Amino acid sequence: MDKEVKCLLVDIDNVLISEVIQVDAQLGDPNCKLINPYRFYGDGKLEPWPKGTNDTELMLRAEDILTIVDPTPELIEQYLELTS
């Protein structure tokens, strides 16, 4: 199965790139699993997100995501090199 890698805007100037898996959850509970999320900066730099943890899988509510878009092939390649 191919990874579904997406860019997520979670607040103003906070863009993440991550493998995203939708999971079943009760209303209001986290329903998006982010695997190996990285923060994307305008200069093309990627850093693990959030800082201060070694966790590589995080749960987030879809309601907390402002928008989701497909990253460019170049960005996907950069992300996969970091997470492989």
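# Close-up views of the predicted model

**View 1. Glu47 is buried, with a relative accessible area of 17%.** Buried stands for a relative accessible area under 20%, exposed for over 50%, and partly exposed for anything in between, using a 1.4 Å probe and protein chains only. The structure is a predicted model, in which local features need pLDDT of at least 70 and side-chain atom pairs count only at pLDDT 80 or more, while totals for chains, interfaces and linings use all residues. Residues are numbered from 1 along each chain as its sequence is written, and side-chain values use heavy atoms, with hydrogens and water left out. The side chain of Glu47 meets that of Lys51 in a salt bridge, at 3.3 Å from N to O. The term salt bridge means that a side-chain nitrogen of Lys or Arg lies within 4 Å of a carboxyl oxygen of Asp or Glu. A network of salt bridges links Lys45, Glu47 and Lys51.

**View 2. A salt bridge joins the side chains of Asp70 and Lys6.** A search of the whole structure finds five salt bridges. In the bridge between Asp70 and Lys6, the distance from N to O is 2.3 Å. The two residues are 64 residues apart and link distant parts of the chain: Lys6 belongs to strand β1 (residues 5–11), and Asp70 to the loop between β6 (67–69) and α1 (73–83). Strands (E, at least two residues) and helices (H or I, at least four) are DSSP runs, numbered from the N terminus. Asp70 counts as exposed because its relative accessibility is 57%, whereas Lys6, at 16%, counts as buried.

**View 3. Asp64 and Arg61 form a salt bridge.** Their closest N and O atoms are 2.9 Å apart. Asp64 is partly exposed, with a relative accessibility of 32%. Arg61 is partly exposed too, with a relative accessible area of 30%.

**View 4. Asn31 sits in the loop between β2 (14–22) and β3 (32–40).** Asn31 is buried, at 16% relative accessible area. Contact here means heavy atoms within 4.5 Å. With neighbours within four places in sequence left aside, the contacts of Asn31 include Ile21, Val23, Met59 and Arg61.

**View 5. Helix α1 has buried residues on one side and exposed residues on the face turned away from it.** The buried residues in α1 are Leu75, Tyr79 and Thr83. They cover an arc of only 60° around the axis, so they lie on the same side of α1. The arc is taken from the directions that run from the helix axis to the C-beta atoms. An α-helix has 3.6 residues a turn, so residues three or four places apart point the same way. The buried residues of α1 pack against β1, β2, β3 and β4 (46–48). The face turned away from the buried side carries exposed Pro73, Glu74, Glu77 and Glu81.

**View 6. Strand β3 pairs with β2, β4 and β5.** Two strands pair if DSSP finds at least two bridges between them. Seven bridges hold β2 and β3 in an antiparallel pair, and Ile17 stands opposite Tyr38 of β3. Strand β5 (residues 57–60) is also antiparallel to β3, over four bridges, with Glu57 in β5 as the bridge partner of Ile35. Three bridges join β3 to antiparallel β4, where Leu46 stands opposite Phe40. The hairpin of β3 and β4 has five residues between its strands, and in this hairpin Gly44 takes a positive phi near 90°.

**View 7. The largest nonpolar core has eight residues.** A nonpolar core is a set of buried Ala, Val, Leu, Ile, Met, Phe, Trp, Tyr and Cys residues joined through side-chain atoms within 4.5 Å. The members of the largest core are Leu8, Val10, Leu16, Val20, Cys32, Leu34, Leu60 and Ile65. A second, separate core has seven residues, among them Cys7, Ile17, Tyr38 and Leu46.

**View 8. Gly52 lies in the loop between β4 and β5.** Gly52 counts as exposed, since its relative accessibility is 87%. Gly52 and Val69 are 17 residues apart along the chain, and their C-alpha atoms are separated by 26 Å.
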